Amino acid sequence: MTTQSEALPHRHVLTLPAVPSAVRVARETAEQTLVEWGIGLRHPTVDPALLILSELVTNSVRHAAALSPQLTVVYAAGRDCLAMGVHDRHPGRPPLSASGAGGMGTVMEFVLGLGGTAVVRDDADSAGKTVWITLPL
């Protein structure tokens, strides 16, 4: 499975205000983008991927909006994987543990259950981060 999103042939970037409606827009954009890339919405990875994306964007809106009025979603895909990154300018790092309660715990259960990976990458100035999720297709 390819893990470097930069190496994936399909890529789409979306910047949104960090407001609740960003969750819906990010999800609808993901659906449209996946279809354009030839990844059917009935693919078994798509529904969990959309749930994961919704949770990541929700977390940015809830926890980072005060310091990060915008968030950026990066969608990327290749023949064998789908990657999504949600970036904000808040320095707090979410815990990546399936044992956690709530949103990120659920995200990690899905990621690990699908054989995927998750990583948090800090910005160069450590004032923001991107949560990257990679799932096999």
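Arg89, Asp123 and Asp125 are linked in a network of salt bridges (side-chain nitrogen of Lys or Arg within 4 Å of a carboxyl oxygen of Asp or Glu). The model is predicted: local features need pLDDT of at least 70, side-chain atom pairs count only at pLDDT 80 or more, and totals for chains, interfaces and linings use all residues. Residues are numbered from 1 along each chain as its sequence is written, and side-chain values use heavy atoms, leaving out hydrogens and water.

Arg89 lies in the loop between β3 and α3, and Asp125 in the loop between β4 and β5, 36 residues apart. Helices (H or I, at least four residues) and strands (E, at least two) are DSSP runs, numbered from the N terminus. Arg89 is partly exposed at 33% relative accessibility, and Asp125 is partly exposed at 48%. Buried means under 20% relative accessible area, exposed over 50%, and partly exposed in between (1.4 Å probe, protein chains only).

The count comes to five salt bridges. Asp88 pairs with Lys129, with the closest N and O atoms 2.7 Å apart. Asp88 lies in strand β3 (residues 81–88) and Lys129 in strand β5, so the bridge ties together parts 41 residues apart in sequence. Asp88 is buried at 4%; Lys129 is buried at 5%.

Helix α3 (residues 103–113) buries Met104, Gly105, Val107, Met108 and Val111. These residues cover an arc of only 160° around the axis, which puts them on the same side of α3 (directions from the helix axis to the C-beta atoms). The face turned away carries the exposed residues Glu109 and Gly113.
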